[in-house]
Structure formats: structure tokens, C-alpha cells
Amino acid sequence: MQSLKGEVELNIGAQRAWEMYRDNDVISNINPQMLSLAKYIQGDGSPGSLRLFQLGPAVESYVKESTEKIEKVEPGRSVTYRVIGGDLRDKYDPYRVTFSFIPLKGHESHKCIAEWKVEFEPLSPSTPPPEQARDAALGFLRSFDKFELSSY
């Protein structure tokens, strides 16, 4: 199994970033150019739930949609899901992502590290690692700061 990861520092607390990521209404409005819609098509966000992400025009040349099955949730900290449908599933199997929000030591109330990590196996030897997906995910996470500032 191969893996890839990246992280960004956010100027919001880990708990707030977690709440933003888990709320479909909020996450669908953070950066509609990158993520136009998030909704649970089965369940409530607990393990076994299915969540659909429809991506926006800024990334749809690479991924238009992804259906994800939530495998593990550490409340307030991380969620792991496996892509079971959509464009990424056509390139990799498995494709398992973990989003984590880690308080920044000494600044716990207003800063965190948002981490994106993927484990994957390409379906073809010519399929490159999902670096575009990583870059898009990190770009989207950077949008959390701007969204949080604009919502005050």
C-alpha cells in the first residue's frame, strides 16, 4: 500500500475546524469553487455512513464526485473514509483518506494543524500518485481560515 500526506496550519482551533468539516451546510459553503456540495446519502456521519462530495469547477478536471464510506471517527479529531464511488475509485483501490485536526501546542484555542493523509493502490501501473488530490485537499483546508473570518 502506498501513502501520501500533507498538512496546513490554520488560524482556528481544532474543535472549530472539526465542526466545519463535519457540517455539510458549512463545508459546502467554504469554497464552492472546490467543493460545491457535501451530503450524507446514508447515515449521520458515524462509521458506516456514506457521504457524497460533488466537487466544484476548480478541481473537476481531476475529480467531479466522490462517494465515501466512513470507517472511523475520533470525535473532535479525525475521520477516516474509503472512497467507494466516483473518479478516484476509477483510478485507485483502495483509496482511504484521513482528515485530522490537531491543536497547535501553546495555541490550542485558536490554531491547529489540519492534516490530510491517503493510503492507496493504483489500479494501473501508469496511474500516478494522487498528488493533485492532495494539493486540492490542502488548498481546500486553507480556505477554512478565510471562511471563518468572513462569517463574523
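The questions below take up the sheet, the core and the aromatic rings.

Analyst: This is a predicted model, in which local features need pLDDT of at least 70, side-chain atom pairs count only at pLDDT 80 or more, and totals for chains, interfaces and linings use all residues. Residues are numbered from 1 along each chain as its sequence is written, and side-chain values use heavy atoms, with hydrogens and water left out.

User: What is the order of the strands in the open sheet?

Analyst: The order is β1-β7-β6-β5-β4-β3-β2, seven strands with antiparallel pairing. Strands (E, at least two residues) and helices (H or I, at least four) are DSSP runs, numbered from the N terminus.

User: Why do β1 and β2 count as standing at the edges?

Analyst: β1 (2-10) and β2 (35-42) each have a single partner strand, so one side of each has no neighbour in the sheet. On average, neighbouring strands here are turned by 25° against each other, direction ignored. Such angles run from 0 to 180 degrees between N-to-C directions, with axes as lines fitted to C-alpha atoms, for helices over the stretch in contact.

User: What makes Y21 and F99 buried?

Analyst: Buried means under 20% relative accessible area (exposed is over 50%, partly exposed in between; 1.4 Å probe, protein chains only). Y21 has 3% and F99 has 7%, so both are buried.

User: Which residues have the most contacts inside the largest nonpolar core?

Analyst: They are Y21, Y95, F99, F101, W116 and F144, in a core of 42 residues. A nonpolar core is a set of buried Ala, Val, Leu, Ile, Met, Phe, Trp, Tyr and Cys residues joined through side-chain atoms within 4.5 Å. Helix α3 (residues 131-150) gives the most to this core, with eight residues.

User: Why is the pair of Y21 and F99 called tilted?

Analyst: Rings of Phe, Tyr and Trp (its six-membered ring) pair if their centres lie within 6.5 Å; planes under 30 degrees apart count as stacked, over 60 as edge-to-face and the rest as tilted. For Y21 and F99 the centres are 4.7 Å apart and the planes 35° apart, so the rings pair and the pair is tilted. Y21 is in helix α1 and F99 in strand β6, 78 residues apart.

User: What makes the pair of F140 and F144 edge-to-face?

Analyst: Their ring centres are 5.8 Å apart and their planes stand at 85°, so the pair is edge-to-face. Both lie in helix α3, four residues apart, about one turn of the helix.

User: How do you know that the charged end of R51 sits over the ring of Y21?

Analyst: NZ of Lys or CZ of Arg must be within 6 Å of the ring centre and within 35 degrees of the ring normal. The charged end of R51 is 5.3 Å from the centre of the Y21 ring and is classed as sitting over that ring.

Methods:
Pairing = 2+ DSSP bridges.
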